[in-house]
Amino acid sequence: MMITFNIPFIAVVGLILVGLIAVVFKRNLIKIVIGITLIESGVNLFLITLGYREGSIAPIYSSSPGGIMSLPVPQALTLTSIVIGVAVLALMISFIIHIYKLYGTLDARKIRGDEE
Amino acid sequence: MNEMLDYLVLNSPALVVAIPLLGAFLTPLVGMINGKLRNLFVIFITLLTGFFAVLLANDVFTNGIRTYVFGNSSPMTNPVVRIFFEVDGMSAFMALIAVILPIVAVIYSWAFMEKETGLNKYYTLILLMTTGMLGMVLTGDMFNFFVFLEITSIATAALVAFWTNKKNSVQAAFKYIVISSIGALFVLFAIAIFYGQYNALNMAVIANSISYSFLDKIALGLLIAALAMKAAIAPMHMWLPDTYSGAPSSVTVVIVGTTLASLYGVFRILFTVYGRQLLTIMRQIGEFSVTSSIVLGVFIVILATITIVIGVFMALKSNDFKRMIGYVAVAEIGYMALAVGSAISTFHIADGTAAVQMTSYGEMALTGGIFHMINDALDIGLLFLVAGAIYYATKETSLNRLGGLSRKMKYTTVFFLIALFAASGLPPLNGFASKLIIYQSIYQVNPILTIVAILCSIMILAVFVKVFHSAFLGPKLPSLKNVKEVPKSMLISMGILAFLIILFGLFPEYIINNIVEPAVNALSNPGSYISAIVGGA
């Protein structure tokens with residue numbers, strides 16, 4: 001029984017670890033970006049899981065059927081985090097486009113500055 | 001008139017952040033009318049922000065901590081659902097740093113960026129960076145801190161890649177955004193851990209109820225790792241020289257401020273949020289009890305020493321002017337971390353009271369470290385402006401292709417000499433004042449630290465003497481025949497920084513008593529920060 005409640009937290013750790021491994025070991029810039037989005041999903045899932053109570057309903061007060069509600073604050077935080085994540089993702093992808101134009105490759109080993 | 005001023009002072013915490021934010025989005029509209037008008041408008045906005053920051057700082061330094069509530073301001077039991085700005089001496093001190101640098105940067109940009117296109121976006125992003133920095137240092141809310149951290153990162157990354165046709169700039173920007181987004185996500189994860197345990201996002205509330213559980217230790221590790229990465233403490237300093245040298249010089253000056261704002265985050269977490277818990281005994285060895293503060297302090301001191309040594313040696317090896325200054329900037333960050341790590345290692349409980357205190361030399365180290373923050377902002381800022389001036393005049397940053405510039409660029413040479421002496425800690429400039437305090441106080445912790453610090457400081461001088469020799473002295477190079485002194489706006493902004501450097505160097509006592517001391521007191525008494533929100537003693 002315990003393990004079912006912990007599945008989301010296991011998923012959080014798994015997502016973040018997979019993301020970190022991708023960022024550290026992958027050479028392709030797109031894969032690095034995918035790794036970052038995986039870490040972000042993990043953190044967002046963590047926030048949402050924190051606010052969830054078993055059998056709770058959405059925290060909308062008007063015409064609520066009663067019963068316990070899940071916490072609204074983590075959901076607000078997650079929304080903010082998702083919006084920021086989209087901006088960062090767009091920026092990273094646009095950098096990748098420029099890097100590809102300048103270097104003709106997405107291999108992190110071949111991407112160096114002009115000097116040194 | 002007086003009531004008007006009081007009203008402005010009352011609302012200054014919000015205005016300091018709101019003015020650059022509004023200004024940022026008005027800039028493209030003004031830019032549609034006229035380029036010159038837009039430049040004036042941006043300078044006006046930064047000056048206005050500076051004015052309010054000075055008002056706020058003055059108020060905080062005389063009357064103590066200020067809180068400002070966004071949202072429901074009526075008394076309520078739960079302080080979770082509102083966002084607080086809480087400004088104590090340290091925040092006000094950082095706000096001063098965070099307004100000086102953008103003012104200088106936008107004045108400098110007038111001539112430096114004149115020939116570029118896309119300047120509307122450039123100025124918008126500079127103002128957004130300013131907003132982010134000020135928000136980071138003024139906010140009293142963890143999640144708010146994360147949001148401002150991300151605003152700063154995104155604006156900075158976009159500006160680092162302003163010259164999209166340069167390989168250096170674009171790859172530096174990508175590196176920066178990867179580092180900062182991972183750092184910010186770690187911060188968010190730590191915030192979630194806090195929220196899960198204490199049901200609060202407010203720093204004061206968390207600090208009040210923190211129990212230093214296992215989860216709190218994980219959160220501490222995540223926060224320190226992420227913010228130290230953004231503050232470029234070794235071994236996570238690799239991005240800084242790339243970013244600093246890839247960005248236009250006018251932008252780099254502001255990035256120096258964002259790096260210091262991240263360092264402020266480290267201080268806030270260590271001293272305010274965890275301040276009361278750091279004396280938890282981890283292991284007892286006979287009479288001697290190993291507390292968390294000693295472990296953390298020694299850890300930070302070791303990292304800081306490595307940072308200084310790596311920064312200096314890489315700077316000696318480097319042949320590119322801007323990259324070299326970038327490595328020196330890494331070393332300077334190390335000096336601050338060294339002082340603060342030493343201060344933390346002296347935490348102890350005073351006899352007869354329950355309050356956590358530092359020894360007198362610990363307090364002195366903290367004074368030196370915090371004083372060095374503003375000095376570093378000025379010195380490194382001026383060095384980058386000089387590097388930008390050389391680039392503007394010659395389109396070169398490699399020292400191999402520079403020479404004999406002192407004949408053509410008299411003022412720039414003088415400014416470079418001032419920055420050189422200040423950054424390497426020679427009297428009577430500001431770098432000497434703060435470094436001397438750091439040397440004296442860390443000597444009490446371990447004399448070897450002082451030796452390393454002084455040696456590295458001398459090597460910084462060696463680095464810049466090499467630059468001075470190869471770039472400014474020597475015969476005129478035929479390729480640099482048409483070099484002229486840089487335009488007035490660049491000279492003015494370099495002059496402002498040089499003036500402040502000399503002023504801080506000549507009257508360090510005055511600066512320490514009036515600006516640095518309140519910041520030190522704010523960090524060493526977390527109780528007052530907490531009770532301003534939570535109430536009680």
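What is the mean pLDDT of chain A, and what share of its residues reach 70 or more? The mean is 86, and 94% of the residues of chain A reach 70 or more. The model is predicted. Chain B has 19 helices and six strands, and 29 residues of chain A are in contact with 27 residues of chain B.

**Confidence in chain A**

- Helix H1 (residues 2–25) of chain A has the lowest mean pLDDT among the elements of that chain, at 87.
- The highest mean pLDDT among the elements of chain A, 92, belongs to H2(A).
- Where pLDDT is low, predicted coordinates should not be read in detail.

**Contact between chains A and B**

- The contact joins 29 residues of chain A to 27 residues of chain B.
- On the side of chain A that touches chain B, helix H2 (29–51) and helix H3 (72–103) of chain A each supply at least two residues.
- H3(A) gives the largest share of that side, with 15 residues.
- By residue class, the side of chain A that touches chain B has 21 nonpolar, four polar and four charged residues.

**Overall form of chain B**

- Chain B is built with 19 helices and six strands.
- Its radius of gyration is 22 Å, close to the 24 Å that the globule rule gives for 537 residues, so chain B is as compact as a globular protein of that length.
- The C-alpha trace of chain B spans about 70 × 55 × 45 Å along its principal axes.

**Helices H15 and H17 of chain B**

- Helix H15 (residues 430–445) of chain B and helix H17 (residues 488–506) of chain B have axes that come within 6 Å and cross at roughly 45°.
- H15(B) is therefore oblique to H17(B).
- H15(B) contributes Asn430(B), Phe432(B) and Ala433(B) to the contact, while H17(B) contributes Ile501(B), Phe504(B) and Gly505(B).
- Four of the residues in the contact of H15(B) with H17(B) are nonpolar, two are polar and none is charged.

**Helices H6 and H9 of chain B**

- The axes of helix H6 (residues 167–198) of chain B and helix H9 (residues 239–246) of chain B cross at roughly 135° and come within 8 Å.
- H6(B) and H9(B) are therefore oblique to each other, and their crossing is left-handed.
- From H6(B), the residues Asn168(B), Ser169(B), Ala172(B), Ala173(B), Lys175(B), Tyr176(B) and Ile179(B) meet Trp239(B), Asp242(B), Thr243(B), Ser245(B) and Gly246(B) of H9(B).
- The contact of H6(B) with H9(B) consists of five nonpolar, five polar and two charged residues.

Conventions:
Residues numbered from 1 in each chain as written. Chains lettered and ligands numbered in written order. Predicted model: local features only at pLDDT ≥ 70, side-chain atom pairs only at ≥ 80, totals over all residues. Contact = placed C-beta atoms within 7 Å. Helix = DSSP H or I, 4+ residues; strand = E, 2+ residues; numbered from the N terminus. Nonpolar A, V, L, I, M, F, W, Y, C, P; charged D, E, K, R; others polar. Axes fitted to C-alpha atoms, helices over the stretch in contact; angles between N-to-C directions. Parallel < 35°, antiparallel > 145°, perpendicular 65-115°, else oblique. Left-handed = near helix turned anticlockwise from the far one by under 90°. pLDDT = per-residue confidence, 0-100. Rg over C-alpha atoms; globule rule 2.2 N^0.38 Å.
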